[in-house]
Amino acid sequence: MAAPDAPPVAAGRDLPSSLEQSAAFVGDAFPSIHFLDQASRMAIAHSKNDKIRDFAEHVAQDETSVGNSLMHWVRTGGAGAADETSSSNRLAIRIKPPRMLASQANFLQHLSGLQGRDFDVMYVSIEKDALQNLASVYELYVRNGLDPGLQAIATRELPEVKHLISVLASL
């Protein structure tokens, strides 16, 4: 599900590298988190398959929680932001309001027109792609991330995302 869309991060040359890196992480992670949440809510409402609906409910709850954690981080300026800039709101100003990428919105549009087995097959496929993308974002931040709060989120969520990918294989 690689998309040519630019992530919703405003490049700020005057940001310290750790804040710029953190803003990039949020900008890369949040569209996938939001997409997973929205696609799962659609599956809860439209899938006739109990296993898919149960899976979707779990994903929607988890991604809502993670999305809330990331938005709290943005609203508070992130851990250490006040130490690195004169304004703890400086980072929040650099991140545009989170939104899905255009390709993700197109996938949701397509999914909304499907029913039955066609819906379920497409849902599983797009969830797998989005989860793999999110796992890559988390893995990179676990290895190289500088912000302790975001590092904790990525470290906590990476095993869960990998687990969800494996669960998809059984659906």
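Predicted model: local features only at pLDDT ≥ 70, side-chain atom pairs only at ≥ 80, totals over all residues.
For the axes here, I take lines fitted to C-alpha atoms, over the stretch in contact for helices, with angles running from 0 to 180 degrees between N-to-C directions.

**Entry: H1 against H6**

I looked up how helix H1, residues 17-46, sits on helix H6, residues 116-144. Their axes lie 10 Å apart, and the packing angle comes out at about 155°. Over 145 counts as roughly antiparallel, so that is what I call H1 and H6. I also checked the handedness: H1 crosses H6 in a left-handed sense. Sorting the residues of this H1 and H6 contact by class, I get 17 nonpolar, 7 polar and 2 charged.

**Entry: Ser40**

Next I picked Ser40, which belongs to helix H1. Buried or exposed, I wondered about Ser40? Its relative accessible area is 0%, so Ser40 goes down as buried. Setting aside residues up to four places away in sequence, I find Ser40 touching Ala56, Val59 and Ala60, plus Tyr123 and Glu127.

**Entry: Ile44**

Then I went on to Ile44, also placed in helix H1. I put Ile44 down as partly exposed, because its relative accessible area is 31%. Which residues does Ile44 contact, leaving aside neighbours within four places in sequence? I list Arg53, Ala56, Glu57 and Ala60. For one of those pairs I noted the spacing: Ile44 and Ala60 are 16 residues apart in sequence, with 9.0 Å from C-alpha to C-alpha. Ala56 and Ala60 turn up in my list for Ser40 and again in the one for Ile44.

Conventions
Residues numbered from 1 in each chain as written. Heavy atoms only, no water. Helix = DSSP H or I, 4+ residues; strand = E, 2+ residues; numbered from the N terminus. Parallel < 35°, antiparallel > 145°, perpendicular 65-115°, else oblique. Left-handed = near helix turned anticlockwise from the far one by under 90°. Nonpolar A, V, L, I, M, F, W, Y, C, P; charged D, E, K, R; others polar. Buried < 20%, exposed > 50% of the residue type's maximum accessible area, 1.4 Å probe, protein only. Contact = heavy atoms within 4.5 Å.
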